[in-house]
Protein chains: 2
Amino acid sequence: MTSRMQREIGEQPEALTRTLDALLPLRSELRQLATGRRQLLFVARGTSDNAGVYGRYLVEIHAGLGVALAAPSLTTHYAVRRDLSDTVVVSLSQSGATEEIIETQAWARACGASTIAVTNEAVSPLAAQADLALVTQAGPELAVPATKTYTTQLAAIAVLADALGPPNDYLATALRRVPDELARLIVTRPGIDDALAALADRSRWLVSGRGLVYGSALELALKLEETCRQPVRALSYADLRHGPIAVVDRATSVVLLSAQDGPLVSGMTELALEVAQLGAQTVGIGGDDRFAAACEVAVAGPDLPELVAPLGLAIPAQLLAEGLARERGLDPDAPRGLSKVTQTDARG
Amino acid sequence: MTSRMQREIGEQPEALTRTLDALLPLRSELRQLATGRRQLLFVARGTSDNAGVYGRYLVEIHAGLGVALAAPSLTTHYAVRRDLSDTVVVSLSQSGATEEIIETQAWARACGASTIAVTNEAVSPLAAQADLALVTQAGPELAVPATKTYTTQLAAIAVLADALGPPNDYLATALRRVPDELARLIVTRPGIDDALAALADRSRWLVSGRGLVYGSALELALKLEETCRQPVRALSYADLRHGPIAVVDRATSVVLLSAQDGPLVSGMTELALEVAQLGAQTVGIGGDDRFAAACEVAVAGPDLPELVAPLGLAIPAQLLAEGLARERGLDPDAPRGLSKVTQTDARG
């Protein structure tokens, strides 16, 4: 039996192509919307928030703007007022229907921000009330764990970063390579079965990634929590060394995600060696040859430059979460206690 | 046998008094340093980062400035340049010797920021290179898990927020009540023994707090990881509902932290009822009467207003981490694999 999640994982190359076709032409509009604005604020929760973490790094690195992640309770519960006349607020919600996000977007407009909504629902309150909606073209997603709505969000964010960055088409060109790369990883699954067997063997899982890949680590951990009902921490190696590394032992499997290039591959390789010395099993996703050799189990990552690597790293992450759930006899499509649209506060 | 951690927990009322005496007189200097600056950026790792999370909420709520938390790798690994001429950068490091934080502070100066160092070491590179150093007066801290260096950091941040906020002395007055409140909680330990027994009974721990108390939840989770070698997630109820709640079951104990007042007590109370319905045990720290009644085990919190409640909530959190470690036969003073000064990247 194929799970819905598995089918939707397979639909990502086409979903990405459709999304890029729809959004790349909006770049001049995006540039215009951001004219005279000095910073970005991402507003999101859950998987969308992990996409926002990618956006935070990508926009700072590629476009040189300051970026912060919103704490929605400041708006919805503390009624803080801010001058956002120098800010573009980017709200991410796959359904476009999470009240907290809609409310925060409305607050941002009232504070003088220009607003961009990233959503998979063209007809949604979030899209309707934004200055500009980047509507991802994932199509209907039925499994509760987000897959194609997540990678198309990453694509939308990369299109935005391209629009705000230097006019060299670097990101757009890299993005055009993504769908084929995803298709290759989905079909060949290099290293996935070894990783499934290895992870099934340990009771404690930890995920690490840093910089541009940090959001991918957070998303893998969230996916594992949703599908396998097991708490999983995701930490940059910086945060890991500042305390939580105390939990790493022989019962632990550490999943490390890395781009194949960029300034953090060597630090991730050192982390693999360090946690192995503490007795942990290491499963490496992506990285370069030295990284793969340092990990006990190596899962191939995408052949993509670091700035867009997170779109490719999502595939092995999703395949692991889906596969591990099925090995445990759990239904990956329907995590306990979750539904497709989440409201943060009970109403009534 | 008394642990060092236990002794240092007990030293906090005096450490706080000394710190307030030293730092409250610096408020006009702080105000001057921030004149014409529109936002704050906190730079920190580990426990100091959790203090920064408190600072983020406190400064936005009390002083109305925009606040972001730095991602140091943007500086140390991606060499991003920013215009920080409208920003005050606040770097937190108990030792004042973590290279990554020192490097990021130097970067911030070069980008035009004014810089404030919060550190427990008057003679440290971080203090020497800042425009102004807020030196906490915790005295030497020998146990590896931070206790008094953390609560004095919170006090330093609250002094800063007072300086930047409305000139009504509200925070300063509330802060002056903190030392006695800490002393009371340390001596009477209301509910601590019940909570220790309850937590020892479950294998999976989860922590939740939101808004001003979110940093306290992160810090309790970190403390439990350090002393008990067990992975512990801390999530706002917003983030918890967006996926991770799938892990909550009958093996789970959820520790909920709340101030006794403020806009989030009722949401935290609803969360207690919700996770109890999923079979989890609930241990509530602080809150109001309704919150305490909704939790299976109630630990008293401080009689302090929400804006400074995190200073008081630290006490039961520390007592729990210390007590649980000892019940497990672990030495709370010396977590596995950690030392007092952490360097993020291996050098050499």
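Predicted model: local features only at pLDDT ≥ 70, side-chain atom pairs only at ≥ 80, totals over all residues.
The expected span of a helix is 1.5 Å times one less than its number of residues.

**Stop 1: helix H13 of chain A**

Select residues 265-277 of chain A, which form helix H13. With 13 residues, H13(A) reaches 19 Å from its first C-alpha to its last, close to the 18 Å expected. Next, display the side chains of Val265(A), Gly267(A), Met268(A), Thr269(A), Leu271(A), Ala272(A) and Val275(A), which are buried in this helix. An α-helix has 3.6 residues a turn, so residues three or four places apart point the same way. Then move to Gly279(A), which follows H13(A) and has a positive phi, near 100°.

**Stop 2: helices H3 and H8 of chain A**

Select residues 27-34 and 148-164 of chain A, helices H3 and H8 respectively. They pack at an angle of about 65°, and their axes are 8 Å apart. The crossing of H3(A) and H8(A) is right-handed. From H3(A), the contact draws on Arg27(A), Leu30(A), Arg31(A) and Ala34(A); from H8(A), on Val159(A), Leu160(A), Asp162(A), Ala163(A) and Leu164(A). Of the residues in this contact, six are nonpolar, three are charged and none is polar.

**Stop 3: Asn50 of chain A**

Centre the view on Asn50(A), in helix H4 (residues 46-63) of chain A. Is Asn50(A) buried or exposed? Its relative accessible area is 8%, and the limit for a buried residue is under 20%, so Asn50(A) is buried. Leaving aside residues up to four places away in sequence, Asn50(A) touches Tyr150(A), Gly215(A), Leu218(A), Glu219(A) and Leu222(A).

**Stop 4: the sheet of chain B**

Turn to chain B and display its five-stranded open sheet, in which the order is S2-S1-S3-S4-S5 and the pairing is parallel. At the edges are strand S2 (66-69) and strand S5 (132-135), each of which pairs on one side only. From one strand to the next, the twist averages 20°.

Within the sheet, select S3 (residues 87-92) and S4 (residues 114-119) of chain B, which five bridges join. Ser91(B) has Ala117(B) of S4(B) as its bridge partner.

Helix H4 (residues 46-63) touches strand S1 (39-43), S2 and S3, and its direction makes about 165° with that of S2(B). Helix H6 (residues 99-110) touches S1, S3 and S4, and its direction makes about 160° with that of S4(B).

Notes
Residues numbered from 1 in each chain as written. Chains lettered and ligands numbered in written order. Heavy atoms only, no water. Helix = DSSP H or I, 4+ residues; strand = E, 2+ residues; numbered from the N terminus. Buried < 20%, exposed > 50% of the residue type's maximum accessible area, 1.4 Å probe, protein only. Pairing = 2+ DSSP bridges. Axes fitted to C-alpha atoms, helices over the stretch in contact; angles between N-to-C directions. Contact = heavy atoms within 4.5 Å. Left-handed = near helix turned anticlockwise from the far one by under 90°. Nonpolar A, V, L, I, M, F, W, Y, C, P; charged D, E, K, R; others polar.
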